[in-house]
Amino acid sequence: MSVASASYLARRAAQKERVRILYRRALKDTLNWAVHRHLFYPDADALREKFEANRNDNIETIDRMITAGEATYNKWQHPDPYIVPWAPGGSKFCRNPTPPEGIEIIYDYGREDTA
C-alpha cells in the first residue's frame with residue numbers, strides 16, 4: 001500500500017467519523033424539536049435522505065459539506081433540549097442528598113435475623 005492511498009484511507013476514515021457524529025447529534029436534536037414520535041419519524045427520514053444523497057461525492061466536496069452541516073447544526077440547535085430526568089442535568093438527578101456522616105443505611109428490608 002502506498003503512502004498516498006494510506007493517507008487517503010486515513011482521511012476518509014476521519015470523514016466518516018465526523019459524518020457519523022454530525023448525523024447522531026442532528027438526529028438527537030431533531031427529537032428535541034419534534035417530541036412526539038409521529039412527528040419525529042418523517043423528520044428523521046428527511047435528515048437521513050440528506051446524508052445519503054451525497055454519500056459518494058469526492059473528498060473535498062464532503063469536507064465542505066461537513067463544515068457547512070456543522071455550522072447549520074450549531075445555528076439551529078435547540079435552545080432548551082430535552083434532558084432525561086434522571087440523567088446529569090435532569091430534574092431528578094441527585095434529588096436525594098447524601099446522608100450526613102454517621103448515618104448508616106441498611107438495605108435488608110424485611111429480612112429477619114436468624115441467629
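This is a predicted model: local features need pLDDT of at least 70, side-chain atom pairs count only at pLDDT 80 or more; totals for chains, interfaces and linings use all residues.
1. A quick word on terms to begin: buried means under 20% relative accessible area, exposed over 50%, and partly exposed in between, using a 1.4 Å probe and protein chains only.

2. Residues are numbered from 1 along each chain as its sequence is written, and side-chain values use heavy atoms, leaving out hydrogens and water.

3. The protein has 3 helices and 0 strands (DSSP runs numbered from the N terminus: H or I of at least four residues for helices, E of at least two for strands). Buried residues make up 17% of its 115 residues.

4. Now to the rings, which pair if the centres of Phe, Tyr or Trp (its six-membered ring) lie within 6.5 Å; planes under 30 degrees apart are stacked, over 60 edge-to-face, and the rest tilted. The count comes to 2 aromatic pairs. The centres of Tyr23 and Phe51 are 5.1 Å apart with planes at 75 degrees, so this pair is edge-to-face. Tyr23 sits in helix H1 (residues 3-33) and Phe51 in helix H2 (residues 37-53), 28 residues apart.

5. Tyr23 is buried at 17% relative accessibility, while Phe51 is partly exposed at 24%. Phe40 and Tyr41 form a tilted pair, 5.8 Å centre to centre with 55 degrees between the planes. Tyr41 is partly exposed, at 47%.
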